[in-house]
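Hi,

Here is the structure I promised to pass on to you.

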Amino acid sequence: MRSAHKRRVLGQEVEIVPMRRRHLRSVLRIEAKVYPLPWTVGLFMSELSQRDSRAYYVAKAGSVVIGYAGIMLVEQDAHVTTIAVDPGFHRRYVGTRLLLNAAKAALASGARHLTLEVRVTNYGAQALYRRFGFQPVGIRRNYYAETGEDALVMWARDIDTEEYGRRLAQIEANLGA
């Protein structure tokens, strides 16, 4: 799913493109900046090889990878497996663009629901997810083994409805403003 439009970030147009192996060095650099226990190149390679049930994308400002996101498809559910933005590009709607792309990719693959886990203390990410209609449904205790932190489980249900389509259209319209 390619981005329908581009937005300038720090003087560069940002576009969302499918993640490829050539992006992994940059993805791993961001991963190391934002996660205490980053995914390995082997894990990303494994995810990228599962094309029938996974979809991964990168956000690029010019030729520089500034963020990435992935989903895993299981029947009618799409699980956001990862989403991260280089800290130097936070608060520039890169995460919003990545999640919008992930939601559209999930819909295009036949998903009816989206789910994810987020650190209970990551209030900024939770606010983003709520804008996309995610609601908390539970807690996974000690989910993040490296810190022992709990995860908030969130779901966005019925993403295949006209109402949810209007939500996505409004988010996309706000990006263009």
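**What I found**

At 34% relative accessibility, Asp158 counts as partly exposed (buried is under 20% relative accessible area, exposed is over 50%, and partly exposed is in between, with a 1.4 Å probe and protein chains only). Before going on, please note that this is a predicted model, in which local features need pLDDT of at least 70, side-chain atom pairs count only at pLDDT 80 or more, and totals for chains, interfaces and linings use all residues. Residues are numbered from 1 along each chain as its sequence is written, and side-chain values use heavy atoms, with hydrogens and water left out.

Back to Asp158: this residue has a positive phi of about 55° although it is not a glycine. Its place is the loop between strand E8 (149–156) and helix H5 (162–176); helices (H or I, at least four residues) and strands (E, at least two) are DSSP runs, numbered from the N terminus. Glu75 also has a positive phi of about 55° without being a glycine. Glu75 sits in the loop between E4 and strand E5 (77–85) and is exposed, with a relative accessible area of 77%. For background, most residues other than glycine have a negative phi.

Now to the aromatic rings. The structure holds four aromatic pairs. Rings of Phe, Tyr and Trp (its six-membered ring) pair if their centres lie within 6.5 Å; planes under 30 degrees apart count as stacked, over 60 as edge-to-face and the rest as tilted. One of the pairs is Trp39 with Phe44, which is tilted, at 5.0 Å centre to centre and 55° between the planes. Trp39 is partly exposed at 23% relative accessible area, whereas Phe44 is buried at 0%. Phe44 also pairs with Tyr68: the ring centres are 5.9 Å apart and the planes are at 85°, so this pair is edge-to-face. Because Phe44 lies in helix H2 (residues 41–49) and Tyr68 in strand E4 (residues 64–74), the pair ties together parts that are 24 residues apart in sequence. Tyr68 is buried, as is Phe44, and Trp39, Phe44 and Tyr68 form one aromatic cluster.

Two arginines sit over rings as well. Arg119 lies over the face of Tyr144, 3.9 Å from the ring centre, and Arg157 lies over the face of Trp155, at 4.2 Å from the ring centre. The cut-off here is NZ of Lys or CZ of Arg within 6 Å of the ring centre and within 35 degrees of the ring normal.

How do helices H1 and H2 pack, by angle and axis distance? Helix H1 (residues 24–34) and H2 pack at an angle of about 125°, with their axes 11 Å apart. The axes are lines fitted to C-alpha atoms, for helices over the stretch in contact, and angles run from 0 to 180 degrees between N-to-C directions. That makes H1 oblique to H2; under 35 degrees counts as roughly parallel, over 145 as roughly antiparallel, 65 to 115 as roughly perpendicular and the rest as oblique. Among the residues that meet here are Leu24 and Val27 in H1, and Phe44 and Met45 in H2.

Finally, Val34 is in helix H1 and is partly exposed, at 27% relative accessibility. Leaving aside neighbours within four places in sequence, Val34 is in contact with Ala84, Val85 and Pro87, where contact means heavy atoms within 4.5 Å.

Best wishes
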